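Let us work through this structure by question and answer. Keep the sequence and the 3D view open as you read.

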Amino acid sequence: MQDTKHVFQTDVMSDNGKAEKVDPMSSSTPSSSAGGVGSADSAAPRRNSKRPKYSKFTQQELPACKPILTPRWVISAFMLVSIVFIPIGVVSLFASRDVVEIIDRYETACVPDGYKNDKVTFIQSNLTKQCNRTLTVKKRMKKPIYVYYQLDNFYQNHRRYVKSRSDSQLKENSSWDDVSSCKPEDMSNGQPIVPCGLIAWSLFNDTYSFSLNNQQLVVNKKGISWKSDRDSKFGKDVFPKNFQNGTLKGGATLNSSIPLSEQEDLIVWMRTAALPTFRKLYGKIEQDLQPNDQILVTLDNNYNTYSFNGKKKLVLSTTSWLGGKNDFLGIAYLTVGGLCFFLALSFTVVYLVKPSIVLSPSFKQHFQVYLFFFPLNLKATRRPIVFVMEQKSRRTLSNARRTWNLSSPMVTVGLMG
Amino acid sequence: MTQGRIRARLRLSHLYTFACTRPEATEEGPHSIEGPGYSRIVHCNQPLMHKKKPFKYRSNYISTTKYNFFTFLPKALYEQFHRVANLYFLAAAIVSVTPLSPFSAVSMIAPLVFVVGLSMAKEALEDWRRFMQDIKVNSRKVKFHKEEGVFDYKSWKKLQVGDVVKVEKDQFFPADLLLLSSSYEDGICYVETMNLDGETNLKVKRALEVTLPLDEDASFKNFTGKIKCEDPNPSLYTFIGNFEYDHEVYALDPSQILLRDSKLRNTAFVYGVVIFTGHDSKVMQNATKSPSKRSRIERKMDYIIYVLFSLLLVISLVSSIGFAVKTKFDMPDWWYLQPQNTDDYYDPRKPVLSGVTHLITALMLYGYLIPISLYVSIEVVKVLQATFINQDIQMYDEETGNPAQARTSNLNEELGQVDTILSDKTGTLTCNQMDFLKCSIAGTAYGMSSSEVELAAAQQMASDLEDQDVERSTDFRQKGKQQEIELETVVISKDEMVHKSPIKGFSFEDSRVMEGNWLNEPNADVIMLFFRILAICHTAVPELNEETGSYTYESESPDEAAFLVAAKEFGFEFCKRTQSSVFVRERYSASGQTIDRWGYQCTIFLKVLWASCREFKLLNMLEFTSKRKRMTVIVRDEDGQILVLCKGADSIIFDRLSKNGRLYEEDTTRHLNEYGEAGLRTLALAYKRLGESEYSAWNNEFQEAKTTIGADRDLMLENIAEMMERDLILVGATAVEDKLQKGVPQCIDKLAQAGLKIWVLTGDKVETAINIGYACSLLRQGMKQICITEISSDAKEVVKENILLQITNASQMIKLERDPHAAFALIIDGKTLAYALEDDVKQQFLVLAVQCASVICCRVSPKQKALVTRLVKEGTGKTTLAIGDGANDVGMIKEADIGVGISGVEGMQVGNAVMASDFSIAQFRFLERLLVVHGHWCYKRIAQMVCYFFYKNIAFGLTLFYFEAFAGFSGQSIYDDWYMLLFNVLLTSLPVISLGVFEQDVSSEVCLQFPAVYQQGPKNLFFDWYKILGWMGNGLYSSLIIFFLNIIIFYDQAFREEGQTASMPALGTTMFTCIIWALNCQIAFTMSHFTWIQHLFIWGSIATWYLFLFVYGRLSPSISGNAYQILVEALAPAPIYWLATLLVTIACNLPYLAHISYQRCFHPLDHHIIQEIKYYKKDVEDQRMWTRERSRARERTMIGFSARVDAKIRQLKGKLQRKQPSSEIHSPARSA
């Protein structure tokens, strides 16, 4: 019994004021003149009707934790962030580096030489748009390899464009004539268009086929859209109707015998992209590719991006657990982590190394309180301090020396003024 | 009842030498009343004459409401749309009905209706309360002359000009009346004007001689008369008019006018004629309109709204120009938008039109920058804050049973920014009760009880010395000496305090003079004389309490009553006053001195023996005026000896002492200084014996002067009085403590430590006010008093010039002062103030007043109180708080930024301070808690809340704008409509409300212990432009981080292992998740006080977001649209979604975190330090240190208890140093 008590005491002594739990309710500081709760109970009950009921809530005395940013906390917090962030950054950077990506920009290359200066005429003409491209695999690509088309300068996020669709029409056959939101691509020849609206109308219609060593690479176009879209947003009983029948031809046509829920190109296309530069999934190649494999791509260059100077790219990419190739996340994590490490370091330097503290004018105003404040930190961080004080406060200084035992060599005391 | 009849027969006018005994009115002649401003004619007792024009005056119906049934809607709506923000929201709501709106109309209109409706309901409720009050007043009953000498009751509102009314004892006057006669045969009546000027002492009003016969109901049968007088005006102390009666014209002056809302006292009944009714009455003319008050923060918020509105305009313009440009130049190429088939909005051929229409869309889309939810939240927060104020048990007064009440909730945060407090005196600072505490008789000081100042000084000294003891514990010799001072200062013990005598007005304790023991004192004859002066030299009237058989005294000033009570306790009981005599029942006699050697029991025997009535014939009375500062009675005692008994201000008395009368002067002066130091009000007493012939010579001269006619009559009387009051013999001095309300000095002290300036505005006399100043430590010995007074001169310009000169001189004096401890006090009275408040003087006056540590304005009318308040408010541009209890304070309470009413015992009276106030507390001392705790909290809460609100809406709103730039400025939002709707309603509102309601930087005890922390409010550290712009900058930074990090992370590549790329809903949802996290973490960093409620709200908000997303995604896609299954299917399985959230959240908060860490370490604010001390539990570990730091942390104050105690300690230390010149030398050497 004696022993444990002793141990407990020394523990408190050594830990002096650094890690005690704060319990605000236990501190019974003397209440000031205004306080008068104590005498309340003895009061006559006659007028008690107006007396506020006591509860910790109404008296704003609910138990609360009051964390404050002590140097220790600040440094630990920054340190913690850097400790967590830097590994994440490294891992994500590695993940991104593991991704193999082949990007082929073809919109210019696939225009015959004679039309180089007038690509729009070419694309609107009836000339054959077929074009062959050869892609070289630099690194081994593990299946599945995702095939994307990437458009540029295409405002799929334009308000007019985004709004121009009819979700109910896509979902249910019964609301096939619900085309009010689809203007201006709502009716054609007096009949509602299914699927209506600008988005569907401008469906991407370049097609790609791949062959490796004269052998066709199968592009799996199933499962490239979200399952929920197929199941719930695009009806199984909704078939394209009156589509691309108008005077203005947009993009691809749809096979009117296949329900919308299976028109995955359309489903992918209908998920509008957030930015004017976007990739959309075209299909998957379920086959590993080896380095130096030459892939022959036969593509139909149908889609008009020439009007608005948009680029077209064909992208073959593997994925990691983080998705496609993007170093930014890793770099950002490393930057923030590094910054936190730097901050932690500089705060530590300030607390441990920096020999003196330049005091702000407000210090002078409050220095007696500060005098109290710094030694506290001293106990917590063992930081040497130079007190800069005015001559007249010599007495306070000697007080301080005695009270906090400032005679240790860590502390230099200077006088000014 | 018998007593009453005796008094009724008494001609009290006999007592009043100067004020009431005027030559007959006929001698002066009537006023010449001509021209504009004097058009009112009242036909007395002929109310029918006033039924039609031109004599139809306003009815006696009063209305204090702001609105009536018809004007409410337009007026209140105007008031509401006076606010910039509301106007903007109204515009937005109107536009939202058009197809241009990016949102639904309901989401714009509903919050507006809510905000406006709530405020209007509040207004309506307040006005309804006022209306009910009015009804109550208007339906009070009064007796009026019906016909043929019969009196009957009718309600106040039906009273008409010209009616004769009969008002009975303790009733209020229903209108301004001309006094015709009273129950006293000389037509005197006593009036309490508490509601007009706050004075509780009684004022005497006197009827004209000619109307005296009209003293019973029947005599009004044939009474008619005509009053010609001034038009209604607000001046309470003037009245000019003529009374035509029986073909004669008599002049009227203010002493015949009974004002509405004053009360008849000590008089059985009076008859009067109604002159001014309803809103024409002087008190109503004094009423100022109740303005709708707005807090400083709220007004500043308007400027921020302007800033944000400009920002909104700028980005909307950018957006719309961008849109127009894109539409004109790029859109023709965007075939997928079918530019050839467009309506006007997207028509590339009409870019200007599309630009303009887009401007409106953009204004609404970016409307998130100006949060209507801010106003909703603020309303909610303020109501809750007000509830906390109402519920605070520590501001509940057990005696009156009144809790504190926030009557309007929109000024809570203003409480934290108060710079100047303007306080009423009577009823607010004091209970208007005097306590006889000490006296000095024949050079010996009697009275052991200590004043509050002494008690505090002793306590402070004790703790100080204890401190030093620890330092110098080795030196016992010195310790002994220090205790010596302690002993000589004050000797008190707690027990004495508890057993304090229960007699009202008497706290004297000294066994040497009590219980007849004074007979054993060396100067027993002088002591007896002293007591006799107390018992005789006054103007009070005794009133026998039938039940107890003891007397109570009705006097003009409460200290006279205290003297009489004291005299009674000493054995000289004033028991009867007749026209010519004063009777005193003396229980002991000086002759007992001869037998004192037989000891105590003999004295008891004598006590019974000598209980006999002595008669003192009252020969003359020279009454007290503030100019004379003394009062003298000349009496003849039973032995035929003529005595001149005089009491007055010490300086005045000392000037008039004879050579042999100065025996005790030195000792008495010393005692007087000590009393003054202790905050007591002092009077010196003196006497002289007079020979018969000497007296009759003087009396003849006096009587002659009294009957002379002419301008110099008053002067002559004064000179003759002066002749008598010469060659006096000093007897002693009294010290009376003006009973302050409980805790007032401590409260003022704390308020002074909190850096607040306190002005006292009182209707009382200058002396009374100064004494109170001393008692509550607004004044102290050694303070330089600047008295601005008017010179008596007819020419207005001369007076004004003189006052200006005085002000300039005083300012000069302050400028030249070198002593850092020097403090100045400004004292000014009402008449002078009238000049000082004129436009060309007031600036100088204000500059002078601001430099003074305390300002006391005496004899000010309600209107002047309001004017002074306005001067301070507008002149200094700082927040003023007015506190008062009576109707005379209403003007000031309404005028000040914050009005606080004292809800005293009287309850809710008509037109009293509480009804006009914004907050009501039961006692002055609660002001400390109201300001230092609630004010401080509310200020910081609202300030932080508003800042955070702007931050959050900027951070959110700007992301919308950035996205525009990537969407061809088309007005498309990246977020789902529901996200945006819920953003302010559900997802970020509760944490910010919990910040506004529950945040505490430091606990309430600490607030009270460190009042200096309060200065953060008046200095506006938390809502200055740096802070606001800082938060806006933080918002800008956060928006950039949130948007661009997400954009780059989700740029074009697959965001999942399954190869899907991020679509607009996915990116928007991720971004929104980041916003929710970042904003909620930000508020967690902003808070410093987490109860379970904050935890619940903050982390609950984040959880709610995920929950919402989950549930929303589960709903049928026809409702959830693009967000269908987004969390479950697309985002949650993608690690990049979580990683992006983490990264963005940390990155958003990093600068703020670094900033506050830096600030805490290098430029900590006061509350940071205190938090740290508390955190390390230093206060518990080392109580003594905590106390010391506390006393050191207070602001250096010029006024207040501490300042006075400091001064006292300085003085005592000075004494000590003289005694122990070597003691200080040792200490530095030893401690070094």
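Q: Are A:Cys110 and A:Cys131 buried or exposed?
A: This model is predicted: local features need pLDDT of at least 70, side-chain atom pairs count only at pLDDT 80 or more, and totals for chains, interfaces and linings use all residues. Residues are numbered from 1 along each chain as its sequence is written, chains are lettered from A and ligands numbered from 1 in the order written, and side-chain values use heavy atoms, without hydrogens and water. Buried means under 20% relative accessible area, exposed over 50%, and partly exposed in between (1.4 Å probe, protein chains only). A:Cys110 and A:Cys131 are both buried.

Q: How many disulfides does a search of the whole structure find?
A: A disulfide is a covalent bond between the sulfur atoms of two cysteines. Here the cut-off is a pair of cysteine sulfur atoms within 2.5 Å. Over all chains, the search finds two.

Q: Which hand has the disulfide of A:Cys110 and A:Cys131?
A: Their sulfur atoms are 1.9 Å apart. The torsion about the S-S bond is about -75°, so the disulfide is left-handed.

Q: How many residues apart in sequence are the parts that A:Cys182 and A:Cys196 tie together?
A: These two cysteines form a disulfide, with sulfur atoms 1.9 Å apart. A:Cys182 lies in the loop between helix H5 (167–171) and strand E4 (187–188) of chain A. A:Cys196 lies in the loop between strand E5 (191–192) and helix H6 (198–201) of chain A, so the pair ties together parts whose separation is 14 residues. Helices (H or I, at least four residues) and strands (E, at least two) are DSSP runs, numbered from the N terminus.

Q: Which residue stands opposite B:Ile227 in E9(B)?
A: Strand E8 (residues 225–229) and strand E9 (residues 241–245) of chain B run antiparallel, joined by four bridges. Opposite B:Ile227 stands B:Phe243.

How values were computed: Pairing = 2+ DSSP bridges.
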